[in-house]
Amino acid sequence: LDLMENQNNVTEFVFMGLWGNKQIELLFFFLFLLCYLAVLMGNFIILLTITCSHLIEQPMYYFLCHLSLMDLCYTSTVVPRLIRDLGAARKNISYNNCMTQLFTAHLLAGVEIFILVSMAFDRYVAIVKPLHYLVIMNRQRCNLLIFMAWGVGFWHSIALLLMVLNLPFCGPNQIDHYLCDVKPLLKLVCRDIRVVSILVIANSGMVVVVIFLVLVASYILILYNLRTRSAAGRRKALSTCSSHIMVVVLFFVPCIYTYVLPAGSENKDKEISVFYTVIAPMLNPLIYTLRNMEMKIAMKKVWSKMAHSEF
């Protein structure tokens, strides 16, 4: 029995995917392909606009640049495979690739979450301590925040990975999902997973909830501090903050739903996770550019600069 317990004879997993229906899958194959192209284009435009203009000197856009980079990388660890599987007859992934995807996706999502925290901190300083803003949010501190985001993301994903690598998979290898995530994998473990489930909820679920509450609290403080501003100042601050709040809600609410409920329960995890793997990274560039005058002006300048250098 003990031998059976720790035996890991699963060399590959098979995704059950989002839908069992071939026609629907083909339709979504094209839909997700378009979404992925939109993610690439939107985030690439943001990266180009910020790095080629004076905006890169401002902390807010410096963070936005990193956020776009994370969105690009994160969707690229999940969506191309999802698109490939929608067109494939057999949606299989090797054990090693599965573990790599689990690690990479959690690393990048972790970094992204902490970049969102840095952006909230940046807005807080800008609105609550405007006179000290340039001193507090100097480039050194911005780099430190980015460095910390990578550090925290790395610890979070390494902890998850080591936990999953220790689990025995001996039976069914069908993952009821379209990506290797920790919860659908837990359902396949041939051992009592109550303790591990609690650890996963502590590692992912609680972290997401706490950070979400911190972000909500910081934006409430920001809005509270806006009362003393002039109408014009208030409008400008509100438009930036509302963009940030939209992005935070889009990303966190589905995450909380996914990681706070225990692994056994019948939940709509895979449908919900489409929000933070495809939809949020696609909408982020739109939210940040369409609602932002500075971005629009910078984009026009960069485009005209490029157009002039063409001729």
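**Figure 1. Helix α9 supplies the largest share of the lining of the largest pocket, five residues.** The structure shown is a predicted model. The largest pocket holds about 430 Å³ of space. Its lining is made up of 19 residues, and those that lie nearest the centre of the pocket are Arg123, Lys236, Ala237, Thr240 and Glu294. Helices α3 (59–87), α4 (95–128), α9 (231–260) and α11 (293–310) each contribute at least two residues to this lining.

**Figure 2. Phe28 in helix α2 is in contact with residues beyond its neighbours in sequence.** When neighbours within four places in sequence are left aside, the contacts of Phe28 are Trp19, Leu33 and Leu86. Phe28 and Leu86 are 58 residues apart along the chain, yet their C-alpha atoms are separated by 7.4 Å. Phe28 has a relative accessible area of 19%; because this value is under 20%, the residue is classed as buried.

Figure 3. Phe30 is found in helix α2, which spans residues 22–51. The relative accessible area of Phe30 is 51%, and the residue therefore counts as exposed, the cut-off being over 50%.

**Figure 4. His156 is a buried residue of helix α6.** Helix α6 comprises residues 139–165. The relative accessible area of His156 is 18%, so the residue falls under the 20% limit for buried residues. Apart from neighbours within four places in sequence, His156 is in contact with His106, Asn203 and Ser204.

**Figure 5. A salt bridge joins Arg90 to Glu12.** A search of the whole structure finds five salt bridges, and the pair of Arg90 and Glu12 is one of them. The closest N and O atoms of this pair are 2.7 Å apart. The two residues come from distant parts of the chain, 78 residues apart: Arg90 lies in the loop between α3 and β2 (92–94), whereas Glu12 lies in strand β1 (residues 12–15). Arg90 is partly exposed, with a relative accessible area of 46%. Glu12 is likewise partly exposed, at 22% relative accessibility.

**Figure 6. Arg84 and Asp85 meet through their side chains in a salt bridge.** The distance from N to O in this pair is 3.0 Å. Arg84 is partly exposed, with a relative accessible area of 43%. Asp85, by contrast, is buried, at 3% relative accessibility.

**Figure 7. Lys270 and Asp176 form a salt bridge.** The closest N and O atoms of the two residues are 2.7 Å apart. Lys270 lies in helix α10 (residues 269–290), and Asp176 lies in the loop between β3 (174–175) and α7 (182–186); the pair therefore ties together parts that are 94 residues apart in sequence. Lys270 counts as buried, with 13% relative accessibility, whereas Asp176 is partly exposed, with a relative accessible area of 35%.

Note on methods:
Residues numbered from 1 in each chain as written. Predicted model: local features only at pLDDT ≥ 70, side-chain atom pairs only at ≥ 80, totals over all residues. Heavy atoms only, no water. Helix = DSSP H or I, 4+ residues; strand = E, 2+ residues; numbered from the N terminus. Buried < 20%, exposed > 50% of the residue type's maximum accessible area, 1.4 Å probe, protein only. Contact = heavy atoms within 4.5 Å. 1 Å grid on protein atoms, 1.4 Å probe; cavity = no way out; pocket = protein on both sides within 12 Å on 5 of 7 lines; lining within 4 Å. Points joined across faces, edges and corners; volume = space filled by probe spheres on them. Salt bridge = Lys/Arg side-chain N within 4 Å of Asp/Glu carboxyl O.
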